[in-house]
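Trainee: Please take me through the labels attached to this model, and show me for each one how the value and the definition lead to the name.

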Amino acid sequence: MAEIVQHRIEERIPELEQLERVGLFTKKEVKSIIKRATALEYKLHRLIVNKEDFIAYIQPENCGKIHWRAMKFLEGESVERFTSKYTLLQTGHL
């Protein structure tokens, strides 16, 4: 079970590092997100899983923060410019 959880958390690390790199999260916030995600992953891999565990897993606390920080980061950029910037970030060219 621990190996599965560790693997799933490691899959998220590049995305979180990218959000930190562009300034949407601080290092402390990234660590907090990883800690919360790890706890939620362990809850989902227990023998007895509650409906509340799944609901907590799909409702991240930071969605609103990410949206408003992204809007501030963009500061009125066009959708096309944002899409190209996002693509460059995803491919590691920015």
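Trainee: What makes the pairing of the side chains of Asp53 and Arg46 a polar contact?

Mentor: The two side chains come to 2.4 Å of each other, and a polar contact is defined as a pair of N or O atoms within 3.5 Å, where within protein one atom must be able to donate a hydrogen and the other to accept it, and where residues adjacent in sequence count only if both atoms are side-chain atoms. The value lies under that limit, so the name applies. Bear in mind that this is a predicted model, in which local features need pLDDT of at least 70 and side-chain atom pairs count only at pLDDT 80 or more, while totals for chains, interfaces and linings use all residues. Residues are numbered from 1 along each chain as its sequence is written, and side-chain values use heavy atoms, with hydrogens and water left out.

Trainee: Where do Asp53 and Arg46 lie?

Mentor: Asp53 belongs to helix α3, residues 51–58, whereas Arg46 is in the loop between α2 and α3. The helix labels come from DSSP runs numbered from the N terminus, with helices (H or I) needing at least four residues and strands (E) at least two.

Trainee: Which residues does Arg46 touch, and how is Lys43 placed towards the side chain of Arg46?

Mentor: Contact here means heavy atoms within 4.5 Å; on that basis, and not counting residues up to four places away in sequence, Arg46 touches Met1 and Asp53. The C-alpha atoms of Arg46 and Met1 are 8.4 Å apart, although the two residues are separated by 45 residues along the chain. The backbone oxygen of Lys43 lies 3.3 Å from a polar atom of the Arg46 side chain. Under the same exclusion of sequence neighbours, Asp53 touches Lys43, Leu44 and Arg46.

Trainee: At what angle do the axes of α2 and α3 cross?

Mentor: The axes of helix α2 (residues 27–44) and α3 come within 10 Å and cross at roughly 150 degrees. The axes are lines fitted to C-alpha atoms, for helices over the stretch in contact, and the angles run from 0 to 180 degrees between N-to-C directions.

Trainee: Which residues of α2 and α3 meet?

Mentor: Arg36, Leu40, Glu41, Lys43 and Leu44 in α2 meet Asp53, Phe54, Ala56 and Tyr57 in α3. By class, this contact has five nonpolar, no polar and four charged residues, where Ala, Val, Leu, Ile, Met, Phe, Trp, Tyr, Cys and Pro count as nonpolar, Asp, Glu, Lys and Arg as charged, and the others, Gly among them, as polar.

Trainee: How do helix α1 and α2 pack, in angle and axis distance?

Mentor: Helix α1 (residues 2–21) and α2 pack at about 155 degrees, with their axes 10 Å apart. That makes α1 roughly antiparallel to α2. By class, their contact has 10 nonpolar, one polar and five charged residues.

Trainee: How many helices and strands does the protein chain have, and what share of its residues counts as buried?

Mentor: The protein chain has five helices and zero strands, and 22% of its 94 residues count as buried.

How values were computed:
Buried < 20%, exposed > 50% of the residue type's maximum accessible area, 1.4 Å probe, protein only. Parallel < 35°, antiparallel > 145°, perpendicular 65-115°, else oblique.
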